[in-house]
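Visitor: I would like to learn how to read a few features of a protein model. Could we take them one at a time?

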Amino acid sequence: MNKRELLVRCFQPLNWLNRIIPKRKEQIFFYSNLRFADNTRALYEYMIEQGYHKRYRIVLSLNTYKEYKGKVPKGVKVIGNKLGIFYFLRSQYAFYSFGKYPIYPSKKQCVVNLWHGMPLKKIGNLEAGCEQINYNYFSYVLATSQLFAKIMPKVFGCSEEQVKLLGQPRCNALFKKGSNLRKLCHGANKMIVWLPTFRDPGDDYEQKGLFLELLENGDMELLNEYVRKLGLFILIKIHPLQKITKQYEYTYSNIVILREEEVKEISLYEILSVSDALITDYSSVYFDYLLVDRPIGFTIDDVKMYEKIRGYIFENPLNYMPGQQIHNMIELKNFIRNVSEGPDLYRSQRHKINDLVNEFQDGDFCKQVLSAFHIT
């Protein structure tokens, strides 16, 4: 019996207990076991901004709860995830993006899996070796379009009736006005945000660095000089689980590499809102970035290897990538030059894919989610 199976077995008595314990209708529970971020945090912060904590009792159950002690307004309680079990059992509403308690919701509860992005790569029951894992410990799971509404039941082993067609709370920040985050550009004319997805160093291909084959030793210095002459700035945010290699620990004049702990107080999506372009690969973030209709470059130098190791939701993922495909340094420079000089060659393709993956495009997603579950 592995650790996951043991945990599920230990929680089994709580399924019965959850059915009989009365729920506090005014209590809303947020859970995370991988930092407080993404859709969960975005929805919580919206509720605080709108004064929901004056009408509801809000409970934050976090593995990083100590960081928030004494930093929340009245009406909000912050606890660790062990104690959080008891508050979950008493809450009528519960939201999570990372992790969950293996406890089935009672009929008196509404447990919502906000997740953390619509998938391009295989996740959940579609991932090799995870086909038999039970992920369905929620009342509803979010999907941003009819396309993903058909995929999410396969991912989480749930029914189609459990899928709610809604926008993602984190995408509200893409439409935020009046942000002063352009100061991150260090005076440059334009800023490109680079968001590589996670690559496991234990995978069976040679990992030369953070960006695999695309950038060799010494290429960062050359790239920095190139963007400096163009008056651009590149902000690279590595994946929360990615360990950075030594060759990328240096500081450059026009390239900054940010680790997860360096953006705790800044929403990544607020940074994206003031960016001029995005570079990514197989990360779901680009589905969201389509909402702001700006150029996207796709580093796909290891697309076949990544398919072998992880796999994709779609048979041909390249058909869902509306932007320049980047295989090497020359193509990377071409994309950056186009961002600098202005020709937007893939706008019509972006519009087509955006309509396919984002049914809602108005930027008021937090309110939409709360209204869908009758939280007023």
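Visitor: In which helix is Asp38 found?

Guide: Asp38 is found in helix 2. Bear in mind that this is a predicted model.

Visitor: What is the phi of Asp38?

Guide: The general idea comes first: most residues other than glycine have a negative phi. Here the phi of Asp38 is near 65°, a positive value in a residue other than glycine.

Visitor: Is Asp38 buried or partly exposed?

Guide: Buried means under 20% relative accessible area, and exposed means over 50%. Asp38 has a relative accessible area of 22%, so it counts as partly exposed.

Visitor: Which loop holds Arg35, and what is its phi?

Guide: Arg35 lies in the loop between strand 1 (24-32) and helix 2. Its phi is near 60°, again a positive value in a residue other than glycine.

Visitor: How do helix 2 and helix 11 pack, in angle and axis separation?

Guide: Helix 2 covers residues 38-49 and helix 11 covers residues 365-372; they pack at an angle of about 90°, with their axes 10 Å apart. Angles of 65 to 115 degrees count as roughly perpendicular, and helix 2 and helix 11 are therefore roughly perpendicular to each other.

Visitor: Which residues make that contact?

Guide: From helix 2 they are Ala42, Leu43, Tyr46 and Met47, and from helix 11 Cys366, Lys367, Val369 and Leu370. By class, this contact of helix 2 with helix 11 has 7 nonpolar, no polar and 1 charged residues.

Visitor: Which residues of the largest nonpolar core touch the most other members?

Guide: A nonpolar core is a set of buried nonpolar residues joined through side-chain atoms within 4.5 Å. The largest one here has 97 residues, and those touching the most other members are Phe30, Leu60, Phe95, Phe156, Leu272, Phe287 and Ile375. Helix 4 (residues 146-156) gives the most to this core, with 6 residues. Apart from it lies another core, of 22 residues, among them Met220, Leu332, Ile336 and Val339.

Visitor: What is Phe95 in contact with, leaving aside its neighbours within four places in sequence?

Guide: The partners of Phe95 include Phe30 and Ile375, along with Ile28, Phe29, Tyr31, Thr40, Leu43, Val112, Leu114, Val369 and Phe373. Leu43 and Val369 also take part in the contact between helix 2 and helix 11.

Visitor: How many helices and strands are there in the chain, and what share of its residues is buried?

Guide: There are 11 helices and 13 strands, and 54% of the 376 residues count as buried. Of the contacts with a separation of 6 or more, 70% are between residues 24 or more positions apart.

Notes. Residues numbered from 1 in each chain as written. Predicted model: local features only at pLDDT ≥ 70, side-chain atom pairs only at ≥ 80, totals over all residues. Heavy atoms only, no water. Helix = DSSP H or I, 4+ residues; strand = E, 2+ residues; numbered from the N terminus. Buried < 20%, exposed > 50% of the residue type's maximum accessible area, 1.4 Å probe, protein only. Contact = heavy atoms within 4.5 Å. Axes fitted to C-alpha atoms, helices over the stretch in contact; angles between N-to-C directions. Parallel < 35°, antiparallel > 145°, perpendicular 65-115°, else oblique. Nonpolar A, V, L, I, M, F, W, Y, C, P; charged D, E, K, R; others polar.
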